[in-house]
Amino acid sequence: MAATGSSSSQHRNHNSPLGSTTKRKTMPFKLHWAIICLILTLNGSLADDDHEMEEFLKREYSLTKPYQGVGSLGSSHWELMGDAMVTTEQVRLTPDMQSRQGAVWSRMPCNLQDWEMQVHFKIHGQGKKNLNGDGMAIWYTKERTQKGPVFGNMDNFTGLGVFLDTYPNEEKHLEAQKKRYSPRTQRVFPFVLAMVGNGSISYDHERDGRPTELGGCSAMVRNLKHDTFLFIRYFRRRLTVMIDVDGQHEWRDCLDIPGVRLPLGYYFGATAITGDLSDNHDVVSLKLYQLTVLRGGKEEEEEEEEEEEDEITIPSVDNLELLRLGEVEEGSSGIVLFFTILFSMLGFIFLLVIGLVVYSQWNESRRKRFY
Ligand SMILES: *[C@@H]1O[C@H](CO)[C@@H](O)[C@H](O)[C@H]1NC(C)=O
Ligand SMILES: *[C@@H]1O[C@H](CO)[C@@H](O)[C@H](O)[C@H]1NC(C)=O
Ligand SMILES: [Ca+2]
């Protein structure tokens with residue numbers, strides 16, 4: 001570091017005096033502009049990424065009041081299952097009672113490329129914090145109306161699941177063994193989590209889906225007076241989940257992952273389950289919007305053509321290993337950085353001492369030669 005610094009200052013001194021003074025004045029100025037231009041172009045490309053979009057509410061994939069015909073045989077776009085019940089105010093997937101499970105499934109496969117689902121939900125019950133469960137899930141899957149252990153849906157599902165997990169199984173399990181999490185790996189419940197299944201990936205209920213987690217966030221969603229919302233956007237293979245649970249009418253980022261491949265023609269659904277612990281799991285509405293790009297660059301069009309060629313048949317997530325690795329590295333990066341700095345400083349001091357010793361000996365021997 002010191003060596004390059006001195007050599008560059010030497011370079012400047014070598015410049016002709018006339019040139020150097022003017023240059024020194026204009027250089028920062030030019031740099032300034034270069035940086036501004038760079039920022040502008042970066043912004044430009046970001047704006048390009050932020051396509052101008054139009055949203056169309058698709059009634060055939062939406063579930064809204066007054067839930068006309070829902071639950072009656074064949075006369076609605078939605079099918080009720082298990083303990084689910086329709087009232088004037090909501091579709092109650094489970095009541096606040098033990099060992100219930102319920103679901104509502106779309107009857108129509110969705111063939112939209114890009115979409116956005118806004119879920120208006122309510123989770124409430126008598127149980128105190130962590131004495132309630134188990135949660136609910138929103139689905140976009142190949143299978144429909146299958147019962148099972150994953151929030152009331154089958155395991156090894158094929159497609160996307162977004163879970164609102166209200167009971168920390170793993171934490172309780174560790175607590176029973178008198179073990180503790182390191183604060184870094186602990187997730188505060190209720191926890192929102194996304195998972196993509198391909199038909200042979202199992203959801204680990206005992207670990208709250210940690211091994212297959214794509215990302216997630218904490219969301220205090222129980223027993224609230226204000227409305228609570230979940231937002232799932234699938235746009236150009238990018239999965240974005242946001243929540244609005246604070247009553248501020250603001251979307252808060254939860255997860256955002258590129259390279260999520262979901263086939264067309266899957267079904268939307270919502271499911272919930274209770275076990276020893278329970279809650280009312282209510283869906284007030286599911287609103288599905290089709291996303292259409294009004295303005296897009298040439299590159300995108302080419303990309304789109306490319307994408308159309310290889311049709312997706314099995315759900316998957318690109319660079320899943322990197323995603324996982326990233327999480328691990330993120331967790332340890334602070335420590336790594338600390339030790340990197342510590343050791344480089346120690347190394348620097350060591351070299352400095354050696355240098356001084358060598359220099360003083362060399363100086364001494366030179367003096368000896370001269371005298
Ligand atoms: C599903 O994903 C797992 C894990 O990524 C992989 O080992 C398996 O081959 C995949 N199965 C299919 C049918 O693609
Ligand atoms: C799910 O898939 C795993 C691994 O492929 C398998 O061991 C398990 O039996 C499957 N479970 C169900 C319920 O099909
Ligand atoms: Ca759980």
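A: Strand β11 is joined to strand β12 (residues 215-218) by four bridges, and the two run antiparallel. In this pairing, Ala-194 lies opposite Gly-215 of β12. A strand here is a DSSP run of type E with at least two residues, numbered from the N terminus, and two strands pair if DSSP finds at least two bridges between them. The model is a predicted one, in which local features need pLDDT of at least 70, side-chain atom pairs count only at pLDDT 80 or more, and totals for chains, interfaces and linings use all residues. Residues are numbered from 1 along each chain as its sequence is written, while chains are lettered from A and ligands numbered from 1 in the order in which they are written.

β11 also pairs with strand β10 (residues 158-165), in the antiparallel sense and over eight bridges. Asp-165 has Phe-191 of β11 as its bridge partner, and Gly-161 stands opposite Met-195 in β11.

These pairings belong to an open sheet of seven strands with antiparallel pairing, in the order β2-β5-β17-β7-β10-β11-β12. At the edges stand β2 (78-82) and β12, each with a single partner strand, so one side of each has no neighbour in the sheet. On average, neighbouring strands of this sheet are turned by 15° against each other, direction ignored; axes are lines fitted to C-alpha atoms, and angles run from 0 to 180 degrees between N-to-C directions.

Finally, β11 (residues 191-198) is mostly covered, with seven of its eight residues buried. A residue is buried if 20 or more other C-beta atoms lie within 10 Å of its own, exposed if 12 or fewer do, and partly exposed in between, with C-beta atoms placed from the backbone.
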